[in-house]
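These notebook entries record what I looked up in the structure.

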Amino acid sequence: MIHASWNGEKSDLETLMIPALDRAYLFGDAVYEVIKVCNHQAVVLDKHMQRLRNSLAALKISYDTEIVRKICLELMSESQVEHGMIYIQISRGSGDRVHVPVKPLSPNCLIFCKETPSDPYLELRKGGVKAYLHPEQRWRRCDIKTVNLLGNVLAMMEAKNAGFDEAIFVDENELITEAPHSSVFMVKDGKVFAAPLSAQILPSITRELVLGLCNKLSLPICLEHFSKTKLLASDEAFLAGTLSEVLPVTMVGGDLIASGKPGPLTLTLQQQFRLNYRN
Ligand SMILES: Cc1ncc(COP(=O)(O)O)c(C=O)c1O
């Protein structure tokens with residue numbers, strides 16, 4: 001049974017019924033968070049709660065995240081999830097299908113907690129992923145964590161259909177933005193490159209933690225946009241995300257990244273990440 005909460009009322013996710021007029025369903029008018037659970041603990045929960053508050057503020061939805069935090073902890077303990085994830089989604093509420101609600105709505109909050117294999121990304125983390133380059137096709141506020149993920153879903157589907165593990169978005173200037181569910185990094189001549197924060201990318205929590213580890217390890221960081229050409233000529237590349245952590249990229253399109261093996265700095269960061277952020 002997957003433990004869920006709908007506006008504070010607990011139930012089994014499989015049988016949970018939600019209103020058809022919820023604006024998340026009609027308009028994608030909702031924000032979300034995915035939090036990793038490791039050894040019965042929610043990893044960097046405070047950071048996820050802060051980003052949730054930022055997303056809610058961006059959509060002008062008012063919701064008390066202290067309640068959200070309390071329910072997350074209750075669901076985790078009641079369901080005894082050892083390794084897995086917590087999903088939180090808060091919509092503007094349910095009402096008539098009109099773009100602008102005629103009266104203020106009461107937000108709807110869905111939270112569920114789910115057990116997963118202890119490390120679903122183990123193989124890819126060891127061997128690296130093949131990434132498919134896909135034109136950027138998402139809206140212009142990718143910095144807000146909303147449930148509008150169609151561009152991400154279609155890019156991942158296309159990547160998988162073409163035999164790749166992941167996709168990487170390239171914008172109209174041939175610059176790398178991010179991946180459908182991770183940030184993109186590359187390493188060249190010992191420097192770690194990541195795109196600077198902007199409306200084009202999500203302020204990824206794993207990105208922030210990885211940059212913190214780079215500082216701790218005295219690895220030089222370059223927060224600048226890098227092109228597809230630079231990525232292809234990099235010494236190492238990797239993706240970073242909550243569930244996958246640090247994932248080496250060994251091939252982009254049909255081209256190998258360097259020798260086609262996970263790079264040494266990537267592996268160091270991967271190991272340090274595990275040591276520091278797996279409770
Ligand atoms: C588009 C996108 N970029 C980056 C990330 C990584 O963010 P985080 O490290 O906070 O999980 C995600 C996570 O889902 C994402 O959807």
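Helices here are DSSP runs of H or I with at least four residues, numbered from the N terminus. The model is a predicted one.

**Entry 1: K160**

I first located K160, and I found this residue in helix α5, which covers residues 150-161. Is K160 buried, exposed or partly exposed? I counted 13 other C-beta atoms within 10 Å, so K160 is partly exposed; a residue counts as exposed at 12 or fewer and as buried at 20 or more. I also looked up the separation of K160 from A240, which lies 80 residues away along the chain. Their C-alpha atoms are 19 Å apart.

**Entry 2: helix α6**

I turned next to α6, residues 205-216. With twelve residues at 1.5 Å each, α6 should span 16 Å, and I found 17 Å between its end C-alpha atoms, which agrees. I then listed the buried residues of α6: I205, T206, R207, L209, V210, L211, L213 and C214. Just after α6, I noted S218, which has a positive phi of about 55°.

**Entry 3: α6 against α8**

At what angle do the axes of α6 and α8 cross? For α8 I took residues 264-277, and I recorded a crossing of roughly 105°, with the two axes coming within 10 Å. The helices α6 and α8 are therefore roughly perpendicular, as angles of 65 to 115 degrees are classed that way.

I then looked up the residues that meet. From α6 these are L209, V210 and L213, and from α8 they are L269, Q272, F273, N276 and Y277. By class, I found six nonpolar and two polar residues in this contact, and no charged ones. I noted that L209, V210 and L213, which α6 brings to the contact, are also among its buried residues.

**Entry 4: the two domains**

I took the bounds from the domain assignment, which gives domain 1 as 3-115 and domain 2 as 122-277. Over C-alpha atoms, the centres of the two domains are 27 Å apart. I found 18 residues of domain 1 in contact with ten residues of domain 2.

Which elements give two or more residues to the side of domain 1 that touches domain 2? I recorded β3 (30-38), α2 (45-58) and β5 (84-91). The most comes from β3, which gives seven residues. By class, I found ten nonpolar, four polar and four charged residues on this side of domain 1.

Methods: Residues are numbered from 1 along each chain as its sequence is written. This is a predicted model: local features need pLDDT of at least 70, side-chain atom pairs count only at pLDDT 80 or more; totals for chains, interfaces and linings use all residues. Domain bounds come from an automatic or database domain assignment. Two residues are in contact if their C-beta atoms, placed from the backbone, lie within 7 Å. Ala, Val, Leu, Ile, Met, Phe, Trp, Tyr, Cys and Pro count as nonpolar, Asp, Glu, Lys and Arg as charged, and the others, Gly among them, as polar. Axes are lines fitted to C-alpha atoms, for helices over the stretch in contact, and angles run from 0 to 180 degrees between N-to-C directions. Angles under 35 degrees count as roughly parallel, over 145 as roughly antiparallel, 65 to 115 as roughly perpendicular and the rest as oblique. The expected span of a helix is 1.5 Å times one less than its number of residues.
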